Amino acid sequence: MNFKAKLGGALLAAALSTTAFHGAFAQEDTIKIGVLHSLSGTMAISETTLKDAMLMLVEEQNKKGGVLGKKLEAVVVDPASDWPLFAEKARQLISQDKVAAVFGCWTSSSRKSVLPVFEELNSILFYPVQYEGEESSRNIFYTGAAPNQQAIPAVDYLAETEGVERWVLAGTDYVYPQTTNKILKAYLMSKGVAEEDIMINYTPFGHSDWQTIVTDIKNFGSAGKKTAVVSTINGDANVPFYKELANQGVKAEDIPVVAFSVGEEELAGLDTAPLVGHLAAWNYFQSVESEANAQFIEQWHAFTKNDKRVTNDPMEAAYIGFNAWVKAVEAAGTTDTDAVLDSIIGVSVPNLSGGTSTVMPNHHITKPVLIGEIQADGQFEVVQETPPVVGDEWSDYLPDSKDLIADWRKPMECGNFNVATGKCGGKGS
Amino acid sequence: MNPKKLLQTFLILILSALAAPAFAQGADPKPLFNQLADANFNRAEELISQIAATGDPRVVSALEAFAEGDLYFRKSDKAVFIAKAAGSNVALTDALTGESAGDAPKAAVTKIRVNNNLRRVIRSALGGLTLLSPDRAVRLSAADAVLRSPSPENLELVEAALAKETDAEVKTRMEEARAVSLLSSDRSVEEKRAAIETIRNYGGRDAIGILRAAYGSADASLQTEIDAAVASIEGDLALWDMAQNVWYGLSLGSVLLLAAIGLAITFGVMGIINMAHGEMVMLGAYSTFVVQELIRANAPGLFDWSLAIALPVAFIVTGAVGLVLERGVIRFLYGRPLETLLATWGVSLILQQAIRSIFGPTNREVGNPSWMSGSFGLGGMTVTWNRLWIIVFSLTIFFALLVLLKRSAFGLQMRAVTQNRRMASSMGIRTPWIDAFTFALGSGIAGIAGVALSQIDNVSPNLGQSYIIDSFMVVVFGGVGNLWGTLVGAMSLGILNKFLEPSVGAVLGKILVLVLIILFIQKRPRGLFALKGRAVEA
């Protein structure tokens with residue numbers, strides 16, 4: 001299926017590259033920003049929503065008078081779920097369309113593909129999705145959660161509140177689950193969990209036959225200790241996984257599943273009544289009660305002309321990233337990359353869970369971690385909220401990254417400073 | 001008022017006077033419920049055990065509502081109610097008496113939050129409270145609840161219930177529940193030894209979990225018995241695990257069969273490399289979605305029939321698309337496999353993007369009818385209903401198709417055309433139309449496969465992509481042009497996959513299966529059941 005997706009992507013890309021459409025009428029006095037999300041191919045399922053969210057944010061900002069007295073104009077391109085095409089499209093946005101900043105990417109592979117382009121052409125990317133960490137670039141802002149803003153608080157919650165002692169780390173076989181599980185395993189073992197109480201299981205993309213694995217989980221859970229599943233299962237594979245859990249009668253009260261990639265959008269394709277009580281950890285849920293969130297949801301429903309459309313965590317991350325950029329541009333008085341990179345650090349903007357998020361020198365942001373339980377209506381109910389947590393780019397639990405920090409302020413300006421040797425460089429350089 | 005009624009009233013008065021002190025033994029649960037309004041999770045847990053300790057039978061429905069998340073408190077006076085949505089308002093009923101307390105706007109009430117831990121505590125408390133229920137089914141589920149959340153507090157309740165129990169099945173379950181609760185209590189070693197024996201006879205994975213949980217706190221002499229009991233249960237389960245694996249293999253095989261069976265016609269019989277086959281499956285799944293939406297909107301009572309209604313709809317829709325595809329594109333490309341491959345590929349992308357534009361890129365919810373949800377135990381195996389029905393369904397389609405090909409006039413003409421087109425044409429068969437209808441039949445079958453697959457997989461525009469490789473794999477492995485080959489190929493690949501998966505993992509298992517197929521094709525290029533005779537050479 002992979003080669004087909006790739007070739008299909010390439011064909012579509014060829015068809016679409018000539019017709020990349022522009023969001024608004026080209027005007028003389030506009031500031032252009034790029035929107036780099038797949039609108040076709042396998043990732044369209046997730047990324048199309050973010051494209052819509054960006055267009056909405058631009059529209060709202062223009063209603064308020066734009067930025068620096070100019071209207072914003074969104075330039076939308078379609079990289080078609082094809083990682084090398086992301087780099088090409090990014091180059092096109094920066095060099096041809098002269099955009100001031102780009103908002104986009106979903107998978108880590110696509111981010112890694114565009115990273116050298118942004119560094120070479122010195123532009124700015126806002127990346128709105130939770131990721132595995134172990135990266136910091138001068139030109140990228142990571143407004144999604146790092147592992148310490150999602151995975152670790154979730155594991156803590158299960159251990160403390162539910163008394164979990166045995167862990168199944170189940171994920172899709174690619175970089176985000178593998179790195180996250182590596183960090184989680186190191187973290188759990190540092191907390192005194194024995195190696196035989198951790199089971200790690202990987203499945204291919206789009207895995208649809210979960211019978212054996214759910215049985216394995218049930219068997220692993222019959223060792224007399226409270227067991228939980230930490231799921232980094234990605235995208236489409238979740239629906240058959242949860243269906244199998246429900247059918248085999250694995251209840252959240254017995255073996256809870258906490259997921260890091262399942263949000264309101266993913267639950268939209270499921271009957272959630274048998275799943276009540278399974279958990280997810282994010283920095284935002286649609287059900288969060290705050291004035292900013294109520295307003296955001298109302299705007300979203302009006303913009304999409306559909307009052308059933310759900311909001312989700314990456315949308316909040318896009319919201320924070322966009323507003324932080326606007327504020328930084330206003331402070332700098334220009335959209336020039338170097339000036340904005342300087343002025344954005346320390347910028348605080350309201351987030352949707354009722355607090356504020358601050359852009360930190362390591363290009364990550366502060367935000368609270370929310371643990372939610374799935375409800376019968378497909379929404380989450382928050383059962384725990386932490387104070388704001390600073391995103392940690394280099395995990396403290398992995399031996400080769402625990403000494404690294406990133407600080408992009410002058411004079412350090414380094415994405416991988418080794419505090420043990422006192423030198424900039426090392427892993428990731 | 002006649003004397004009879006007077007007597008009745010009198011009796012009721014006396015009875016209620018007698019009953020009142022009985023409730024007063026425990027505290028009145030009402031103020032305890034009202035305290036839930038501003039309790040955190042830990043406090044709520046204490047309150048639940050206090051509420052259960054009152055023994056008041058009225059708390060059962062209130063606690064059930066709490067576990068369901070239907071318990072709310074009124075912001076104005078912090079009184080606790082059971083609330084159900086009624087339009088833009090919520091209808092409030094008193095938590096204990098069940099009397100209506102009128103409607104309130106949604107903003108005036110707040111939900112009392114419940115988490116997994118509280119649900120567990122409530123389940124255990126309810127188990128203890130309902131052990132004496134007059135309803136046999138309630139008693140059985142109460143015993144189950146106690147069995148699943150052992151606590152020494154429930155021990156006496158179970159023993160009291162056991163003394164009164166007459167139904168054999170409930171009695172056995174209660175004895176098991178008693179044994180489980182006893183293991184975590186401070187009763188004597190002898191009693192615990194008997195309990196271990198009872199749990200050993202109960203068997204299954206749950207029993208292993210219960211015994212292992214008790215292991216740490218058990219007496220040294222009991223630990224060896226627990227070890228022996230666990231080993232003996234595991235011995236029983238080994239054979240069942242094998243059976244379970246075969247079952248999973250058959251189930252995976254039936255999914256492969258469903259995905260491949262349409263292709264066995266378009267590719268196997270007609271020789272068209274049809275890359276749009278997966279999209280036919282997807283169209284079938286979307287037809288199911290549309291049918292279910294219409295039923296939900298217009299006739300919710302028919303929901304359990306939605307799949308039966310979706311079958312002909314999906315067949316007609318995808319069959320029609322197949323017919324148009326054959327007449328519009330493929331008939332110009334016969335004998336040119338590479339062009340066919342590219343053209344059908346293009347068609348598959350067009351269909352995907354069309355569906356994406358119409359229904360949106362996100363997953364659509366296709367519900368499971370009640371008869372396809374849940375599972376039942378068969379010895380040491382768990383059989384899920386949806387998988388069972390899919391196996392039955394795929395075999396039904398397979399044999400129906402076999403009969404159609406071997407016993408009908410259309411099947412005869414179809415075979416004639418594929419075996420010797422010119423001679424069939426000379427005999428007066430309109431070969432172009434046979435081609436078109438054969439392709440439509442293959443597509444239609446892919447469509448009804450989509451109806452079944454919508455029950456276990458995502459309904460998204462990408463649905464078809466995940467099945468196309470598997471389908472070709474099955475048809476090529478089984479032998480092109482032979483339906484039996486497709487059946488045997490699908491089932492053997494399914495079982496092979498499921499036997500590799502537990503030992504090498506899902507990722508490596510899939511790779512190994514592919515490698516084995518490549519090696520097999522090297523040895524037998526025509527697959528398991530190769531066609532023989534002149535038709536092959538033609």
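Biologist: How close do the axes of helix 4 and helix 5 of chain B come, and at what angle do they cross?

Modeller: Keep in mind that this is a predicted model. In it, the axes of helix 4 (residues 59-68) and helix 5 (residues 116-129) of chain B come within 10 Å, with a crossing angle of roughly 160°. Angles over 145 degrees count as roughly antiparallel, so that is how helix 4 and helix 5 of chain B run relative to each other.

Biologist: And is the crossing of helix 4 and helix 5 of chain B left-handed or right-handed?

Modeller: Left-handed, for helix 4 and helix 5 of chain B. Helix 4 of chain B makes the contact through B:Val60, B:Leu63, B:Glu64, B:Phe66 and B:Ala67. From helix 5 of chain B come B:Arg119, B:Ile122, B:Arg123, B:Ala125, B:Leu126 and B:Leu129.

Biologist: How does the contact of helix 4 with helix 5 of chain B split by class?

Modeller: The contact of helix 4 with helix 5 of chain B has eight nonpolar residues, three charged ones and no polar ones.

Biologist: OK, next pair. How do helix 10 and helix 11 of chain B cross?

Modeller: Helix 10 (residues 204-215) and helix 11 (residues 220-269) of chain B have axes that come within 10 Å and cross at roughly 160°. Helix 10 and helix 11 of chain B are therefore roughly antiparallel, and their crossing is left-handed.

Biologist: Which residues make the contact between helix 10 and helix 11 of chain B?

Modeller: On helix 10 of chain B, look at B:Ala207, B:Ile208, B:Leu211, B:Arg212, B:Ala214 and B:Tyr215. Helix 11 of chain B puts in B:Gln223, B:Ile226, B:Ala229, B:Val230, B:Ile233 and B:Glu234. By class, the contact of helix 10 with helix 11 of chain B comes out as nine nonpolar, one polar and two charged residues.

Biologist: Let's zoom out. What does chain B look like overall, in helices and strands?

Modeller: Chain B has 22 helices and seven strands. Its radius of gyration is 32 Å, while a compact globule of 538 residues would be near 24 Å. Along the principal axes, the C-alpha atoms of chain B fill a box of roughly 100 × 60 × 50 Å.

Biologist: What share of chain B is buried?

Modeller: Buried residues are 45% of the 538 in chain B. As for contacts in chain B with a separation of 6 or more, 69% are between residues 24 or more positions apart.

Biologist: Where does A:Phe220 sit?

Modeller: A:Phe220 lies in helix 7 of chain A. It counts as partly exposed because it has 19 C-beta neighbours inside 10 Å, and a buried residue needs 20 or more. Leaving out residues up to four places away in sequence, A:Phe220 touches A:Arg166, A:Val168, A:Met199 and A:Thr227.

Biologist: What about A:Ser38, buried or exposed?

Modeller: A:Ser38 counts as buried because there are 30 C-beta neighbours inside 10 Å. Its place is the loop between strand 1 (30-36) and helix 2 of chain A. Beyond four places in sequence, the residues A:Ser38 touches include A:Glu47, A:Asp78 and A:Ser81.

Biologist: What's the phi of A:Ser81?

Modeller: Positive, about 60°, although A:Ser81 is not a glycine. A:Ser81 is in the loop between strand 2 (71-77) and helix 3 (83-96) of chain A, and with 28 C-beta neighbours inside 10 Å it counts as buried.

Biologist: Last one: which residues does the cis peptide bond join?

Modeller: A:Lys410 and A:Pro411, with omega about 5°. A:Pro411 is in the loop between strand 17 (404-407) and strand 18 (414-418) of chain A.

Methods. Residues are numbered from 1 along each chain as its sequence is written. Chains are lettered from A and ligands numbered from 1 in the order in which they are written. This is a predicted model: local features need pLDDT of at least 70, side-chain atom pairs count only at pLDDT 80 or more; totals for chains, interfaces and linings use all residues. Helices (H or I, at least four residues) and strands (E, at least two) are DSSP runs, numbered from the N terminus. The radius of gyration is taken over C-alpha atoms; the globule rule is 2.2 Å times the number of residues to the power 0.38. A residue is buried if 20 or more other C-beta atoms lie within 10 Å of its own, exposed if 12 or fewer, and partly exposed in between; C-beta atoms are placed from the backbone. Two residues are in contact if their C-beta atoms, placed from the backbone, lie within 7 Å. Axes are lines fitted to C-alpha atoms, for helices over the stretch in contact, and angles run from 0 to 180 degrees between N-to-C directions. Angles under 35 degrees count as roughly parallel, over 145 as roughly antiparallel, 65 to 115 as roughly perpendicular and the rest as oblique. A crossing is left-handed if the near helix is turned anticlockwise from the far one by less than a right angle, and right-handed if clockwise. Ala, Val, Leu, Ile, Met, Phe, Trp, Tyr, Cys and Pro count as nonpolar, Asp, Glu, Lys and Arg as charged, and the others, Gly among them, as polar.
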